[in-house]
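Here are my notes on this one, in the order I'd talk them through. Have the model open while you read.

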Amino acid sequence: MTTSKQWHQRAMAVMPGGVNSPVRSFDAVGGEPIIMASGYGACVRDIEGNDYIDYVGQYGPAILGHAHPDVVEAVSAAARAGFGFGATTSAEIELAERVCAIVPSVEKVRLCNSGTEATMTALRLARGVTGRDAVIKFEGCYHGHADPFLVKAGSGALTTGTPNSAGVPEAVGNLTYCLPYNDGEAVSALFARHGEQIAAVIVEPVAGNMNLVLPQPDFLPTLRCLCDEYGALLICDEVMTGFRVGLAGACARFGIRADLITLGKIIGGGLPIGAVGGNAQWMDHLSPAGSVYQAGTLSGNPLAVAAGLATLDHISRSEFYATLEQKTQKLVHGMTQTAAAHGINLKTSAIGGMFGFLFTDCSAITSYDQVKQCDVATFGRFFSAMLDQGVMFAPSAFEAAFMSSVHDDAQIDATLRACEMVFSALPD
Ligand SMILES: Cc1ncc(COP(=O)(O)O)c(C=O)c1O
């Protein structure tokens, strides 16, 4: 049998850092990355046949767990009918209709292939309709890997210590104002100075790329008011939170009207997809209806669309999110209590089917600076020990974790028993 270690050595020879996305590297936690073979339900299996209860969830898409039979069937049927035609299919139209019906503020949708494409498109659209160039983003928020967003970015950029990427032209970076998350006053002050230059404010309505930071009650409403006052567009990046914190996403949950919403992950049921949606007034500026260019050979591909539609069928069922949230809360409460019992400072947060935890003595986490102060060394030990116990979290203290609808009580209890063992040994 070829071990994960041997596969990893082969990967290092032919893939930069041995991975196709930096968040998959184990550099931040030590040890060799596990090479995966398969996933079923709430578990994943590595190439050596070891099983793990999985809280990575494909970094968000796997809300129904892995290889859900209905999604597999829908994708198989779509594959048998052809992989794409360079023309519109009825399924794409149905998916767009479903998104418009579910997500408030969305009247029209453009499908693309990734969350990065979605945010890139949303910003170009905002620039096109306002005739302005600058954008405000927030520290620790990640909006994909397009140039304008790689300024104090979260997720893998934060984990690898390169939140400001090399290779981004200074002229591009200069058009991005980066402010502290949850700091409405800073946004207000910036608008007062540069309001006439600002095309858009882009925000993760729940920050899920610097662990998990919830918006303070006045933060999103302040952004909405300021955008209205200065004629900028509010882009809510719901690539992670869309269909994750509730069926209609975080904006709906917090009662915020976005001008543009970006989606990804769950909307493709685990296959590559992204989407931008919004008011028809803005969306009709996209080509060919309007003059803001955007395109994609594989956009709206039948397999991803079929997976998305099958996933939407499940998550639209009543009680889906109530049950998902209960599971998340059960795990998070259990972790908090277990840590406290062992005198470990663990700060947890959760919403819908996503959660986060940081080893820190900070009492309330609201900003990137606070997140960065967490104890990453302890996280690394926790991560490795949990893996030994058959529980998989993302290999970074700065990633959120994800619950699926198919995690059952036995798996959550097993996770908590593993936490008990690991926390009891951590202080040593
Ligand atoms: C909030 C947010 N926006 C955008 C992206 C980029 O999406 P993708 O990785 O599909 O390009 C991500 C990815 O994690 C994300 O979490």
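**Notes on the model**

1. Phe 243 counts as buried, with a relative accessibility of 1% (buried means under 20% relative accessible area, exposed over 50%, partly exposed in between, with a 1.4 Å probe and protein chains only). Its phi is positive, about 60 degrees, although Phe 243 is not a glycine. You'll find Phe 243 in the loop between strand 8 (233-237) and helix 9 (249-254); helices (H or I, at least four residues) and strands (E, at least two) are DSSP runs numbered from the N terminus.

2. Before going on, some ground rules: this is a predicted model, where local features need pLDDT of at least 70 and side-chain atom pairs count only at pLDDT 80 or more, while totals for chains, interfaces and linings use all residues. Residues are numbered from 1 along each chain as its sequence is written, and side-chain values use heavy atoms, with hydrogens and water left out.

3. Phe 243 turns up again in the largest nonpolar core, which has 106 residues; Phe 138, Phe 243, Phe 382 and Phe 393 touch the most other members. (A nonpolar core is a set of buried Ala, Val, Leu, Ile, Met, Phe, Trp, Tyr and Cys residues joined through side-chain atoms within 4.5 Å.) Helix 11 (residues 302-315) contributes the most to this core, 9 residues. Domain 1 (4-67 + 319-425) and domain 2 (69-315) both supply residues, so the core lies between them; the domain bounds come from an automatic or database domain assignment.

4. Glu 319 also has a positive phi, about 75 degrees, without being a glycine. Buried or exposed? At 55% relative accessibility, Glu 319 counts as exposed. Glu 319 sits in the loop between helix 11 and helix 12 (320-341).

5. Check the peptide bond between Ser 287 and Pro 288, too: it is cis, with omega about 5 degrees. Pro 288 is in the loop between helix 10 (280-283) and helix 11.

6. Now the ligand. Residues around it (a heavy atom within 4 Å) include Ser 114, Thr 116, His 143, Glu 204 and Lys 265. The shell divides into 3 nonpolar, 6 polar and 3 charged residues (Ala, Val, Leu, Ile, Met, Phe, Trp, Tyr, Cys and Pro count as nonpolar, Asp, Glu, Lys and Arg as charged, and the others, Gly among them, as polar).

7. Which side chain has an N or O atom 2.6 Å from a ligand nitrogen? That is Asp 237. A ligand oxygen is 2.8 Å from a polar backbone atom of Gly 115. The protein buries 83% of the 390 Å² that the ligand exposes when taken alone (Shrake-Rupley areas, 1.4 Å probe).

Technical notes: Polar contact = N/O pair within 3.5 Å; in protein donor to acceptor, adjacent residues only side chain to side chain.
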